[in-house]
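Have the structure open while you read.

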Amino acid sequence: MNRLRTQGWVFWIGIVLALLLMLMPLPTLIQPLKPYWPALVLVYWSLESTDRVNVGLAFGVGIVADLLNGALLGDQALRLAVLVFIVLRFRSRLRFFPMWQQALALWLLLLNNHVLQALIRAFAGDSPMPALSWLAPAVGAAVWPFVFLLLDDLNTRVRGKGARAS
């Protein structure tokens with residue numbers, strides 16, 4: 001199997017795992033703190049591989065996430081599309097930030113995502129989000145270094161195998 005095809009599998013497995021983690025039930029007390037896994041994975045791939053991730057793909061992943069979650073159709077799609085657009089716009093800067101600055105920037109991006117979610121819920125007439133859920137962007141920023149390092153390690157291993165096989 002060639003390197004690009006293998007990297008493609010790593011990409012899609014990462015997206016599927018992020019969607020499954022999004023669906024994973026947690027105890028009621030900590031459920032609002034769950035990081036937004038699809039956003040974390042899409043941000044990593046937006047920084048790593050611009051030819052693979054674009055706003056349309058983010059919108060499609062968001063539609064799938066909406067269908068899996070039973071959420072308002074287009075809610076996550078809009079939020080992921082906006083997030084990926086911002087990341088792609090500032091990719092050249094974000095890539096070379098130290099990890100703590102990337103985590104801080106990701107916290108701001110996830111906070112923006114959360115504000116969009118609150119606005120969408122308000123316009124849809126849904127109940128407001130729990131107050132504890134406003135800490136979820138901070139949790140996402142805290143797990144970002146681990147997500148980044150895990151995906152980067154997998155990506156590096158796949159690239160290394162492809163280079164040795166060639």
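Predicted model: local features only at pLDDT ≥ 70, side-chain atom pairs only at ≥ 80, totals over all residues.

**Helix H6 on its own**
- Quite a list of H6 residues is buried, including Ala103, Ala105, Leu106, Leu109, Leu110, Leu116 and Ile120.
- Gln102, Asn113, His114 and Gln117 are also among the buried residues of H6.

**H4 against H6**
- H4 covers residues 75-89 and H6 covers residues 99-124; they pack at an angle of about 150°, with axes 10 Å apart.
- Angles over 145 degrees count as roughly antiparallel, so that's the label for H4 and H6.
- H4 goes past H6 in a right-handed crossing.
- On the H4 side, the contact uses Asp75, Leu78, Arg79, Val82, Leu83, Ile86 and Val87.
- H6 brings Leu109, Asn112, Asn113, Leu116, Gln117 and Ile120 to that contact.
- Sorted by class, the H4 and H6 contact has 8 nonpolar, 3 polar and 2 charged residues.

**A closer look at Asn113**
- Asn113 belongs to helix H6, and it's one of the residues H6 uses to contact H4.
- Is Asn113 buried or exposed? Its relative accessible area is 4%, and buried means under 20%, so Asn113 is buried.
- Leaving out residues up to four places away in sequence, Asn113 touches Tyr36 and Arg79.
- Arg79 is also on the list of H4 residues in the contact with H6.

**H3 against H4**
- H3 runs over residues 55-69, and its axis comes within 7 Å of the H4 axis, crossing at roughly 150°.
- H3 and H4 are therefore roughly antiparallel to each other as well.
- Their crossing is right-handed.
- From H3, the contact takes in Val55, Ala58, Phe59, Val61, Gly62, Ile63, Ala65, Asp66 and Asn69.
- Facing them in H4 are Asp75, Gln76, Ala77, Leu78, Leu80, Ala81, Val84, Phe85 and Leu88.
- By class, the residues where H3 meets H4 split into 13 nonpolar, 3 polar and 2 charged.

Terms used: Residues numbered from 1 in each chain as written. Heavy atoms only, no water. Axes fitted to C-alpha atoms, helices over the stretch in contact; angles between N-to-C directions. Helix = DSSP H or I, 4+ residues; strand = E, 2+ residues; numbered from the N terminus. Parallel < 35°, antiparallel > 145°, perpendicular 65-115°, else oblique. Left-handed = near helix turned anticlockwise from the far one by under 90°. Contact = heavy atoms within 4.5 Å. Nonpolar A, V, L, I, M, F, W, Y, C, P; charged D, E, K, R; others polar. Buried < 20%, exposed > 50% of the residue type's maximum accessible area, 1.4 Å probe, protein only.
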